[in-house]
Amino acid sequence: MKIYTKTGDSGTTALFGGTRVPKHHIRIESYGTVDELNSHIGLIRDQDINQLYKNVLIEVQDRLFTVGAILATPPEKEVLKNGQPRLNINRISEADIQLLENEIDTMNDSLPPMTHFVLPGGHTTVSYCHIARCVCRRAERLSVHLHELEPTDEQVLKYLNRLSDYLFVLARKLSFDLQADEVKWIPRKE
């Protein structure tokens, strides 16, 4: 398979089902940002962290490919002419969301209560988590915007929302595990 097709040289790209749209289309921005997020999560996974976190992150990366496929499929192309779904893959399920919630709860139970916002940083690995969290929030915002224009699977929106929470708690847990300083943001008072 050739990597370059030259079909995008004019600034358009094809969605699943063949529809061509500009590369700046909200659908492309949505799944492109999910792809960016997946790369950031790979960077976190490449750090010297607990294997359990790596295993969860591999699962997340798998689910993000599913999210990307769903976002890359316009509603009018979701079903083939024979009545079968275009995407012959497992969709985002409640179990996928529950996994994130369980991991959040488990990590949170071992952390001191949060009384203030925290400044991102303290350790490179923690910073990677915060960057991924921010990219996840952007993917969520773009997907919500897409959903307002062309309804998409609401489980995708829910998953992205929960994933950003997971990444925040993972950043806090890694700060704790790595004994990094967690700097509280205390607003200045004049």
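A salt bridge is counted here where a side-chain nitrogen of Lys or Arg lies within 4 Å of a carboxyl oxygen of Asp or Glu. The model is predicted, so local features need pLDDT of at least 70 and side-chain atom pairs count only at pLDDT 80 or more, whereas totals for chains, interfaces and linings use all residues. Residues are numbered from 1 along each chain as its sequence is written, and side-chain values use heavy atoms, with hydrogens and water left out.

**View 1. The salt bridge between Asp-153 and Arg-91.** The closest N and O atoms of Asp-153 and Arg-91 are 3.6 Å apart. Because Asp-153 lies in the loop between α4 and α5 and Arg-91 in the loop between α2 (51-71) and α3 (94-109), the pair ties together parts that are 62 residues apart in sequence; helices (H or I, at least four residues) and strands (E, at least two) are DSSP runs, numbered from the N terminus. Asp-153 is buried, with a relative accessible area of 19%, while Arg-91 counts as partly exposed at 33% relative accessibility. Buried stands for under 20% relative accessible area, exposed for over 50%, and partly exposed for values in between (1.4 Å probe, protein chains only).

**View 2. The salt bridge between Glu-94 and Lys-158.** The side chains of Glu-94 and Lys-158 meet at 2.9 Å, N to O. Glu-94 belongs to helix α3 and Lys-158 to helix α5, so this pair ties together parts that are 64 residues apart in sequence. Both partners count as partly exposed, Glu-94 at 43% relative accessibility and Lys-158 at 31%.

**View 3. A salt-bridge network with Asp-62, Arg-63 and Asp-96.** Salt bridges that share partners join Asp-62, Arg-63 and Asp-96 into one network. Asp-62 is partly exposed, with a relative accessible area of 41%, whereas Arg-63 is buried, with a relative accessible area of 7%. The structure as a whole holds eleven salt bridges.

View 4. A search of the whole structure finds one cavity of 30 Å³ or more, and about 40 Å³ of space lies in the largest cavity. On a 1 Å grid over the protein atoms alone, a cavity is a set of points where a 1.4 Å probe fits but cannot get out, and lining residues have an atom within 4 Å of a point; grid points are joined across faces, edges and corners, and the volume is the space filled by probe spheres set on the points. The lining is made by Val-118, Leu-119, Gly-121, Val-126, His-130, Ala-171, Arg-172, Ser-175, Asp-181 and Glu-182. Helices α4 (124-149) and α5 (154-177) each supply at least two of the lining residues, and α5 gives the most, with three residues. By class, the lining has four nonpolar, three polar and three charged residues, where Ala, Val, Leu, Ile, Met, Phe, Trp, Tyr, Cys and Pro count as nonpolar, Asp, Glu, Lys and Arg as charged, and the others, Gly among them, as polar.

**View 5. A nonpolar surface patch that includes Phe-117.** Met-114, Phe-117, Leu-119, Val-183 and Trp-185 make a nonpolar surface patch of about 500 Å². Patches are made of residues with over 30% relative accessible area and no salt bridge, with nonpolar side chains (Val, Leu, Ile, Met, Phe, Trp, Tyr) joined within 5 Å and like charges within 9 Å; the accessible areas come from the Shrake-Rupley method with a 1.4 Å probe, and for residues only the protein chains shown count as cover. Phe-117 has its place in strand β3 (residues 117-118) and counts as exposed at 58% relative accessibility.

View 6. Gln-179 lies in the loop between α5 and β4 (184-185), and its phi is near 55°, a positive value in a residue other than glycine. Most residues other than glycine have a negative phi. Gln-179 is exposed, with a relative accessible area of 74%. Ile-49, by contrast, is placed in the loop between α1 (26-45) and α2 and counts as buried at 10% relative accessibility. Ile-49 and Leu-178 are 8.9 Å apart in space, C-alpha to C-alpha, although 129 residues apart in sequence.

Terms used
On a 1 Å grid over the protein atoms alone, a cavity is a set of points where a 1.4 Å probe fits but cannot get out, and a pocket is an open set with protein on both sides within 12 Å along at least five of seven lines; lining residues have an atom within 4 Å of a point.
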